[in-house]
Amino acid sequence: MFLTGLAALAVVPTLPTAARDLGGVSLFPLVAGCFVAAGLLGGVLGGHWADRSGAHRPLAAGMVLAVVTLLVSAASTSIWQLAAGRFLDGLASGMVAVSINTAIGQAYPDRLRPRVLALMSACWVVPSLVGPPLAGVVAEWWSWRAVFLGLAALTVLPALAVVAVLRGRFRPVAPAPSGDGPPRPALLIATAVSVGAASGQYGVSGWDPRHLLFAGGGLALLVVCAPRLLPPGTWRAARGLPATVLLCGMGSGVFFTLEALVPLLLVTERGVPPVSIGLAFTGAAVAWAASSWVQGRLLERRPRHHLVVAGALVLSAAVAVAAVGTLPALPAFTAASAMVAAAVGMGLLSPSLTVLSLSHAPSGRQGYASSAMQTNQNLGQITVLGIASAVFNACLGAGVADHAGYGSAFGLLLVPCALAALLATRTRSA
């Protein structure tokens, strides 16, 4: 988790600069969306694999793939190659995240899971302090490519060590009884959903017939295939695991969209240097870890669905700050602070939903529950970012000022925040 945090936090702040240098600012939503689109497939693959033979194998495979994707991104000569690198990175990240959550579900009792999840969040503290600012300095003084190459060099030996240490050290997982729990989703369906999500992100980057064709095809694939990857009743917020999975997608979608559009606003409209963008990511990561520690230590006796409501309300406040921060009269710090506030909300909401999902999981199917959470987390990110990007591009196409387009996109995020707060009681444990 430490290595995952270091790579994620160091790479993301450099992406707006890379997109600008490669002449692909209009396709930036695709670059951001490819990561989460591939995470859909990686999460399903990791969960299926972990339930079948233990969490160690998808974890090791994800670590090795993470090194490969850093090299692909570093060698990018076009925005399309960078998008391909981010797609591979999402595949690796999805496998690693689901493997870790599955291992927690298999190895720890209910009463210890909040603390373990808080420990996982704490693994992001040091990367958040050194990763984004250092990456910003390297990108500003040298090249954004050096960030990817440096991370690959740092990750290759630990990745090989993970493979060596975990090899042969696992306890076979008892399969769920026949008919117990929902069926495992086919990887073909997960692949179709990933392709549909990536196509949709490309489609919302323009309004000509080609883009509309991709958007329509992507939407059709998602509507037909995505429900087969989720617990029955997810999209109508059925009580228990379905509602928990749904709210995970809503919260993650809001946070990811802020994390994608706020840096783009700061780089393209305010001329903020990469090192300052990195500091904003640092503040957000520290805030997330601190908030997660609070829910795991000081609020561990509070009902989990109460913390979900609190997290959703804090996210709403962060969205309002981001919308106000688009006004040219206000300092750039205003919009950047929205990322920190949103991280506080996610530190309360995300671990609480993970704990609830593991408590709702059928016996021996923690991998299925973790995969469903990861899948809808990525679906939520793709959907919310896609809709917000479509609103932004529509505003620009209508001649609206750039800052007003960003403000409209941010204002749209209040809808999933409100729904998450209202539906939180449906996630409570029996």
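Helices (H or I, at least four residues) and strands (E, at least two) are DSSP runs, numbered from the N terminus. With that settled, here are some notes on the model.

1. Ground rules. This is a predicted model, in which local features need pLDDT of at least 70 and side-chain atom pairs count only at pLDDT 80 or more, while totals for chains, interfaces and linings use all residues. Residues are numbered from 1 along each chain as its sequence is written, and side-chain values use heavy atoms, with hydrogens and water left out.

2. A loop residue worth a look. Ala-237 sits in the loop between H10 and H11. Its phi is near 55°, a positive value in a residue other than glycine. For context, most residues other than glycine have a negative phi. Ala-237 counts as buried, at 5% relative accessibility (buried means under 20% relative accessible area, exposed over 50%, partly exposed in between, with a 1.4 Å probe and protein chains only).

3. Leu-6 belongs to helix H1 and is buried, at 14% relative accessibility. Although Leu-6 and Ser-128 are 122 residues apart along the chain, their C-alpha atoms are separated by 7.2 Å. Setting aside residues up to four places away in sequence, Leu-6 touches Pro-127, Val-130, Gly-131, Leu-151 and Leu-154 (contact means heavy atoms within 4.5 Å).

4. Thr-14, between two helices. You will find Thr-14 in the loop between helix H1 (2–11) and helix H2 (15–21), buried at 1% relative accessibility. Its side chain reaches the backbone oxygen of Val-11 at 2.6 Å. That is a polar contact (a pair of N or O atoms within 3.5 Å; within protein, one must be able to donate a hydrogen and the other to accept it, and residues adjacent in sequence count only if both atoms are side-chain atoms). Beyond its neighbours within four places in sequence, Thr-14 is in contact with Ala-135, Ala-139, Trp-144, Val-147 and Phe-148. By contrast, Ala-60 is 46 residues from Thr-14 in sequence and 26 Å away in space, C-alpha to C-alpha.

5. A buried arginine. Arg-86 is placed in helix H5 (residues 79–107), and its relative accessible area of 6% makes it buried. Not counting residues up to four places away in sequence, Arg-86 touches Val-11, Val-12, Leu-15, Val-31, Cys-34, Phe-35, Thr-69 and Ser-73.

6. The largest pocket. What is its volume? About 720 Å³ (a volume is the space filled by probe spheres set on the grid points, which are joined across faces, edges and corners). A pocket is an open set of points on a 1 Å grid over the protein atoms alone, where a 1.4 Å probe fits, with protein on both sides within 12 Å along at least five of seven lines; lining residues have an atom within 4 Å of a point. There are 30 lining residues, and the closest to the centre are Leu-379, Ile-382, Thr-383, Val-384 and Ile-387. Helices H9 (187–203), H10 (209–225), H11 (241–268), H15 (366–397) and H17 (414–423) each give two or more residues, with H15 giving the most, 9 residues. By class, the lining has 20 nonpolar, 10 polar and no charged residues (Ala, Val, Leu, Ile, Met, Phe, Trp, Tyr, Cys and Pro count as nonpolar, Asp, Glu, Lys and Arg as charged, and the others, Gly among them, as polar).

7. Cysteines. The whole structure holds 0 disulfides (pairs of cysteine sulfur atoms within 2.5 Å). For Cys-248, the nearest cysteine sulfur is that of Cys-417, 14 Å away. Cys-248 is buried at 7% relative accessible area, and Cys-417 is buried at 2%.
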